[in-house]
Amino acid sequence: MLPSAQISREIDGAQTEVLLQAFADRILVLVSQIGKVGNLIQATIPATTPLDPPPPPDPSEPNLTPLPVPPPAIQLTPLLGHGPSENMQTLHALYASQIATLVWIAEAEEALEAERRGVVVGLALRKSEATTGSTLSEHERRVFHGVMEIVRELLQRK
C-alpha cells in the first residue's frame, strides 16, 4: 500500500474525492463530495479476529464486485461530528466498517504478520433524498458501491 494516494471521480452525478493516507499507527481514508473532511469515525478490531474473503459474485448482479462482510468485532468510535439524521449515522457506520474491512484485508495480503492499524474514515457526502426505514435509495447504493470501488483501486496501487 502506498503511503498516500488519491482519486477523484464522478459517482452518480457527484464529484467524489477519496484520499488514503497511511501513518505508522493508523490509516486515514477521506471520502468527500463537498470538499470537506466531514464526519470522522475510527474503526478498530482485535488482531486475532479473522477476516473472511469476499463472497463469490452474485449472478443476478454481474456488474457488482462482492464486498467482504465486516467482522462483528469491529469497534467504531466517533471522533468528530456525526450524520445529520439517525439513518445517515447508520449509513456512515456502514461506510466506516466496510472501508476498514477492505483496508485490513489489503494489509493482510501484503504482509505475513501485519499489525491491524486503526482506520479513521472521514465522510462528507452530498445530501440525498430522504430514505425511510432501513432501506437505501438507489442513489445511496450507487454512491456506496462507487466509493468502495475507488477504495479498492487505491489499495491495489503498489
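Mentor: Helix α1 covers residues 86-110 and helix α2 covers residues 138-156. Their axes lie 10 Å apart, and the packing angle is about 25°. Keep in mind that this is a predicted model. Angles under 35 degrees count as roughly parallel. α1 and α2 are therefore roughly parallel to each other. The crossing of α1 past α2 is right-handed.

Now look at the contact itself. From α1 come M88, L91, L94, Y95, Q98, I99, L102, V103, A106 and E110. They meet E140, V143, F144, V147, M148, V151, R152 and L155 of α2. Sort these contact residues by type: 14 are nonpolar, one is polar and three are charged.

Next, pick out M148. Leaving out residues up to four places away in sequence, M148 touches L67, Y95, Q98, I99 and L102.

Then step back to the largest nonpolar core, which has 36 residues. The members that touch the most other members are V29, V31, Y95, I99, V147, M148 and V151. Several elements each supply at least two residues of this core: β1 (4-11), β2 (14-22), β3 (26-32), β4, α1, β6 (118-124) and α2. α1 gives the most, with ten residues.

Finish with β4, the strand of residues 39-44. T44 belongs to this strand. T44 has a relative accessible area of 23%, so T44 is partly exposed. Beyond its neighbours within four places in sequence, T44 contacts A73, I74, Q75, W104 and G118.

Note on methods:
Residues numbered from 1 in each chain as written. Predicted model: local features only at pLDDT ≥ 70, side-chain atom pairs only at ≥ 80, totals over all residues. Heavy atoms only, no water. Helix = DSSP H or I, 4+ residues; strand = E, 2+ residues; numbered from the N terminus. Buried < 20%, exposed > 50% of the residue type's maximum accessible area, 1.4 Å probe, protein only. Contact = heavy atoms within 4.5 Å. Axes fitted to C-alpha atoms, helices over the stretch in contact; angles between N-to-C directions. Parallel < 35°, antiparallel > 145°, perpendicular 65-115°, else oblique. Left-handed = near helix turned anticlockwise from the far one by under 90°. Nonpolar A, V, L, I, M, F, W, Y, C, P; charged D, E, K, R; others polar. Core = buried A, V, L, I, M, F, W, Y, C linked by side-chain atoms within 4.5 Å.
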